Amino acid sequence: MAIYKVGETSRRWPGLLAISFLIIAVALGASFFISKNYQSKATPAQKTTAGEKVHAPDITDIESNVLFGGDIYWGRRMDDWSQASPLKTAYPFSGLNGFHRNDYDAWIANLECPTVPGVHPTKQDEEVTLTFNCSPDYLPQLAKWFSIVSMANNHSDNQGASGFTATRKQLDKNHIQYFGHYDPDVTDEVCEVVSLPVHINYSDDTQSKGSIPIAMCGYHGVFKIPSSASVAVMRKYARYMPVIAYPHMGVEYKPHSDAIRTSLYRSMIDNGADAVLANHPHWVQNSEAYKGKLIVYSMGNLIFDQQFSSEVMRSALIKLDLTTKPSADKSQLEAWLKLGPQCASFADNCLAMAEQKGLKRLPFSFKYGMTAVDTSNRLSKPASRALTKAVADRLDWNETVKELKPPGIITY
């Protein structure tokens with residue numbers, strides 16, 4: 001039996017009490033943690049007081065940053081250079097990293113050739129007859145950069161009507177949207193409603209991705225001027241959504257537009273186009289603001305095998321920041337966003353659906369910028385400061401953006 005000295009037990013009591021209090025405190029803390037953890041897993045209704053509702057953040061605006069470019073072609077010598085490179089089909093696009101694709105919701109350009117499987121014209125035939133075919137093997141690489149392409153040009157029918165249809169199938173296969181027809185008299189295919197990627201901004205400063213319908217209208221006018229009836233087609237689209245005209249015509253290798261195109265492109269604005277962005281001359285040409293809206297008469301070669309002069313080896317990319325204004329009705333915003341994903345297929349009925357749903361055109365702000373491209377040494381890349389100034393001077397860009405409504409943004 002243990003023998004304790006007098007006073008030893010009394011000295012142990014404070015320690016025993018401290019241990020007891022510590023055990024009780026730990027037990028209470030554990031109980032509180034379990035209770036809070038259970039509450040954190042409760043449904044929103046359990047976390048709110050009676051009658052209180054949890055509201056999702058409101059949409060403040062939707063915005064799309066889009067980059068528009070000129071002519072793209074990977075046949076003839078570009079195909080030779082690509083096959084000689086270890087990059088193969090990625091070669092024509094390998095200089096584009098400098099333009100920061102992730103900063104944009106979409107890139108749009110003109111596809112200057114059919115892409116028919118099994119057709120392999122010789123380089124000599126392409127050079128002499130200017131009858132092109134671009135291998136479909138390059139389309140998966142094209143799709144990494146470009147969301148939408150125009151087919152309204154003088155080469156999209158180089159493999160006949162069946163080749164034109166085959167090209168559309170190849171673009172569908174690679175999830176690239178397209179618009180336009182080689183014959184401007186086919187008025188029901190002048191404009192196509194496309195699904196334009198956007199980012200959605202909310203009142204709690206968060207963002208998500210979505211898409212909205214816009215109309216892209218292609219006009220091939222190399223061999224005949226598009227009729228007033230085909231130009232007027234844009235009016236019915238402009239009632240409901242933004243419209244961008246993408247004409248392909250004009251005299252090649254000239255620095256300025258001619259009177260015919262000046263009149264025609266201005267009439268496109270008069271018929272509802274929010275902007276006219278043109279191609280075909282292979283040189284950068286002038287731009288202007290007409291009734292406060294942008295016309296670029298030629299953006300030049302974006303990806304091409306032409307290397308014979310400084311003029312064909314430079315290009316302009318047009319940047320568009322398309323944003324809904326604060327006056328936009330929130331229910332209309334939601335309705336357009338709901339319709340957007342349904343407009344990604346060619347010849348869908350998106351315009352009719354917008355009409356049936358009673359949708360109204362959203363109020364948009366259009367702000368433009370410009371980036372110059374250097375295509376020398378075969379690849380497309382950001383231009384030097386000196387070349388950028390030369391492209392801006394040819395466009396008369398600083399003067400043009402001052403006249404836009406609202407004024408554009410002078411960016412290089």
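Strand 12 and strand 13 (residues 364-374) form an antiparallel pair joined by eleven bridges. Within this pairing, D321 lies opposite K367 of strand 13. The model is predicted.

Strand 12 also runs antiparallel to strand 1 (residues 59-72), to which six bridges join it. Here V66 has L320 of strand 12 as its bridge partner. Strand 12 (residues 314-324) is largely enclosed by the rest of the structure, because ten of its eleven residues are buried.

In the chain as a whole there are 13 helices and 14 strands. Of its 412 residues, 52% count as buried. Among contacts with a separation of 6 or more, 74% are accounted for by residues 24 or more positions apart. The chain exposes about 19,700 Å², of which carbon and sulfur atoms supply 56%.

Some backbone angles also deserve mention. Most residues other than glycine have a negative phi, and most peptide bonds are trans.

| Residue | Phi | Relative accessible area |
|---|---|---|
| R76 | about 55° | 6% |
| Y253 | near 60° | 30% |

R76 belongs to helix 3 (residues 76-84) and is buried, because its relative accessible area is 6%, under the 20% limit. Y253 is placed in the loop between strand 7 (243-248) and helix 9 (259-270); at 30% relative accessibility, Y253 counts as partly exposed.

The peptide bond from K405 to P406 is cis, with omega near -5°. P406 lies in the segment after helix 13 (397-403).

Definitions and conventions. Residues are numbered from 1 along each chain as its sequence is written. This is a predicted model: local features need pLDDT of at least 70, side-chain atom pairs count only at pLDDT 80 or more; totals for chains, interfaces and linings use all residues. Side-chain values use heavy atoms; hydrogens and water are left out. Helices (H or I, at least four residues) and strands (E, at least two) are DSSP runs, numbered from the N terminus. Buried means under 20% relative accessible area, exposed over 50%, partly exposed in between (1.4 Å probe, protein chains only). Contact means heavy atoms within 4.5 Å. Accessible areas come from the Shrake-Rupley method with a 1.4 Å probe; for residues, only the protein chains shown count as cover. Two strands pair if DSSP finds at least two bridges between them.
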